[in-house]
Amino acid sequence: GDILDSYLRTDGIWIFTRNKQFYKTNNEKECASKCEAERNFTCRAFLFTRKKLQCITLAENAKMAVAFSSTDTVLYEKIIYLMQCKRGIGTDYRGTEAKTRRGIPCQKWAEKIPHKPNYTPEKYPSAGLEENYCRNPDADESGPWCYTTHPDIRFDYCTIPDCEDQATHTGEGECMQCNGEDYHGEVSRTESGLECQRWDVQEPHMHGFILKHYPDKDLKMNYCRNPDGELRPWCFTTNPNKRWEYCNIPRCTTPPSVSGLGSQCLSEKGEDYRGRIAITESGNACQHWNTQFPHKHGWIPDRYPCKGLEENYCRNPDGEKKPWCYTTNSSIRWEYCSIPRCDRTEQGIAGMNNAPVQVPLTEECYRGKGQSYRGTTSVTVSGKKCQAWSSMFPHTHIKTPDKFPDADLRENYCRNPDGDSSPWCFTTDPNTIWEYCNLKRCDDHTQE
């Protein structure tokens, strides 16, 4: 898998730690490689700054150090050092429990009093024998243990909960089909053991997933859900420094029931459209979903088994306003498709399937700084989709319609509420907070 899969990502956070190393890297993956190869200390996390492309490996994570906001910074923390539960017998447990099941404080692994240890950090450098934390360096079947500070009790086992118990997978609904959009189980902890935040509260994380806005998403209690078409169910966490995280929901062993063949026309947003139109509304041919050329993307058919990502047909896997596709035009990343509505005549549908209608593109431009722009472009200069102004996901912000009532912050349309140099938007890419929009000035007559 991806090297970053073993890290938890938090945008806009810096943590203060003395024990760190600076590196120059090109991207987060290279920085993760530096963390994995770090020999000056145990690397628990790293910081990556987008503008300077600076990589800082850290001996501490947000559980151990002071964190504060830093707009341009991304914090990646190794999941293994955040987990407070054990998998199996806990040989990879790296939590911070430091007392035995009887409540006796643990002896530090590097000390020799009151007990001379057989297992030391020098002899077992990869066993995580730090401080006096419970560990299982000898793969003891009874789980993590430690030498104790009681002179008459050499060692004792620790009480570490099982990760499996924190997310019980028994009973109906405790497995997921497809990407878990229809998961209605009661798992309420993330894959690293963090407790989920209730959907109906805004603390510690503000968000836009409010029950009345998502009445069909079953946002009950603090149960893991997938309301936005992510890879699998997730939740906001009760940890102020960890906005959200995936939950560990197993896939059901039985295949999902097939309800019909999917729609051949457009109803509502067209998420169930399974027709064979493969051309955009401006006439560009669609790129095949299982290819990464000319545009790299994350909508890989194997990852999203129930989205109908066959061939290069127009689809709506992410809840857009209607079906779309990546285009074979290298300068146009994606476009909507013209799909006939289901309330049209059969003749109209047949004609549309045989000869896709060419919808003329309306030229959109802005004047001055674009503060008066009221068009419907919702794509950035690099082809990223805009985040809705009323949404707090994936980026939290203060540019909301109620705070800027005169800025016409509708839907996810490009706007300029704060007097920037041109219209812009927050993006739906978690790695990119905002970008200027793909618009030109009305007085710019330069031919493309």
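**A salt-bridge network and its setting**

Arg-374, Asp-408, Arg-410 and Arg-415 are linked in a network of salt bridges, a salt bridge being a side-chain nitrogen of Lys or Arg within 4 Å of a carboxyl oxygen of Asp or Glu. The model is predicted, so local features need pLDDT of at least 70 and side-chain atom pairs count only at pLDDT 80 or more, while totals for chains, interfaces and linings use all residues. Residues are numbered from 1 along each chain as its sequence is written, and side-chain values use heavy atoms, with hydrogens and water left out.

Asp-408 and Arg-374 both lie in the loop between β12 (365-366) and β13 (424-426), and the pair links distant parts of the chain, 34 residues apart. Arg-374 is partly exposed, with a relative accessible area of 34%, and Arg-410 is likewise partly exposed, at 39%. Here buried means under 20% relative accessible area, exposed over 50%, and partly exposed in between (1.4 Å probe, protein chains only). Side chains of opposite charge can pair when their charged atoms come close.

In the protein, the count comes to 23 salt bridges. One of them joins Lys-108 to Glu-131, whose closest N and O atoms are 3.6 Å apart. Both residues lie in the loop between β5 (66-78) and β6 (145-147), so the pair ties together parts that are 23 residues apart in sequence. Lys-108 is partly exposed at 37% relative accessibility, and Glu-131 is partly exposed at 43%.

The surface also carries a nonpolar patch, formed by Phe-16, Val-66 and Phe-68, with about 320 Å² of accessible area together. Patches consist of residues with over 30% relative accessible area and no salt bridge; nonpolar side chains (Val, Leu, Ile, Met, Phe, Trp, Tyr) are joined within 5 Å, and like charges within 9 Å. Phe-16 belongs to strand β1 (residues 7-16).

Turning to the whole protein, there are three helices and 15 strands, taken as DSSP runs numbered from the N terminus (helices H or I, at least four residues; strands E, at least two). Of the 448 residues, 46% are buried. Residues 24 or more positions apart account for 62% of the contacts with a separation of 6 or more, a contact meaning heavy atoms within 4.5 Å. The accessible surface comes to about 23,500 Å², and 49% of that surface belongs to carbon and sulfur atoms; accessible areas come from the Shrake-Rupley method with a 1.4 Å probe, and for residues only the protein chains shown count as cover.
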